[in-house]
Structures are given as C-alpha cells and as structure tokens.
Amino acid sequence: MFHLIWYILIGLVAGFIAKNVMHEHMTIFWTIVLGIIGSILGGAVTHMLWRPTNSRYHPAGLIFSTLGAILILYICYKLKIHFPEVSTPVFR
C-alpha cells in the first residue's frame, strides 16, 4: 500500500516539474498520470543502464522520472496531443 502512495507522490512531483518546464497547463490528475508514465519510462532506462545496489531505491529515480515526463510531453507536443486544461472561472 505504501508503494502505491509513493508512486503517486513521485508521479505528482515529476509531473509538476515537467509541466512547468514545458509550460503546459493540465489538471492534477493528468499531472500525476504524466509523472507515473515518466517514472516507468525513466525507470526502464535507468535499470537498463545501471543496476541499483539496493533493490528498493535508485538514486536517479526522481531525476529520470522528470526527464521521462518531459520526453512524454515533448512527444505529445509534436503529435499535437493535448491534455485537459484546468478551467479558470470568469468573475464579473
């Protein structure tokens, strides 16, 4: 159970950093989804290149999760795929 919460937390942080780097506006749900997908992509790359000494923690986890999320946003930008944006209320 704790791993699921940890994945969501790391996904939120990685997605938040990636969406701010790429200047995207999206909902919190899609930010977490973006970060989790970026974590999967970044984790796959790091495990192919470097084997962690401890099987529970890899020191480059957040960095490569963020880079993976930035790569996902870049690919979506090139393919013209848009995420749902946060709607801002108009006050008069």
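**A look at the predicted helical chain**

Gly15 sits in helix α1, helices here being DSSP runs of H or I with at least four residues, numbered from the N terminus. The model is a predicted one, so local features need pLDDT of at least 70 and side-chain atom pairs count only at pLDDT 80 or more, while totals for chains, interfaces and linings use all residues. Residues are numbered from 1 along each chain as its sequence is written, and side-chain values use heavy atoms, with hydrogens and water left out.

Gly15 counts as buried because its relative accessibility is 0%; the cut-offs are under 20% relative accessible area for buried, over 50% for exposed, and partly exposed in between, with a 1.4 Å probe and protein chains only. Setting aside residues up to four places away in sequence, Gly15 touches Thr31, Leu34 and Gly35, contact meaning heavy atoms within 4.5 Å.

Lys19 is another residue of helix α1. Lys19 is buried but has no salt bridge, and Glu24, the nearest side chain of opposite charge, is 9.4 Å away. A salt bridge would take a side-chain nitrogen of Lys or Arg within 4 Å of a carboxyl oxygen of Asp or Glu; Lys and Arg count as positive, Asp and Glu as negative, and His and the chain ends are not counted. Leaving out neighbours within four places in sequence, Lys19 is in contact with Glu24, Met26, Thr31 and Leu73.

As for the whole chain, it has three helices and zero strands. Of its 92 residues, 24% count as buried. Among contacts with a separation of 6 or more, 66% join residues 24 or more positions apart.

The largest nonpolar core has eight residues: Ala18, Met26, Leu34, Ala69, Ile70, Leu73, Cys76 and Phe83. Helix α3 (residues 61-78) gives the most to this core, four residues. Such a core is a set of buried Ala, Val, Leu, Ile, Met, Phe, Trp, Tyr and Cys residues joined through side-chain atoms within 4.5 Å.

On the surface, a nonpolar patch includes Phe2, Trp6, Tyr7 and Leu62, and the whole patch has about 870 Å² of accessible area. Patches take residues with over 30% relative accessible area and no salt bridge, joining like charges within 9 Å and nonpolar side chains (Val, Leu, Ile, Met, Phe, Trp, Tyr) within 5 Å; areas come from the Shrake-Rupley method with a 1.4 Å probe, and for residues only the protein chains shown count as cover. Helix α1 (residues 2-21) supplies the largest share, eight residues.

Note on methods: Helix = DSSP H or I, 4+ residues; strand = E, 2+ residues; numbered from the N terminus.
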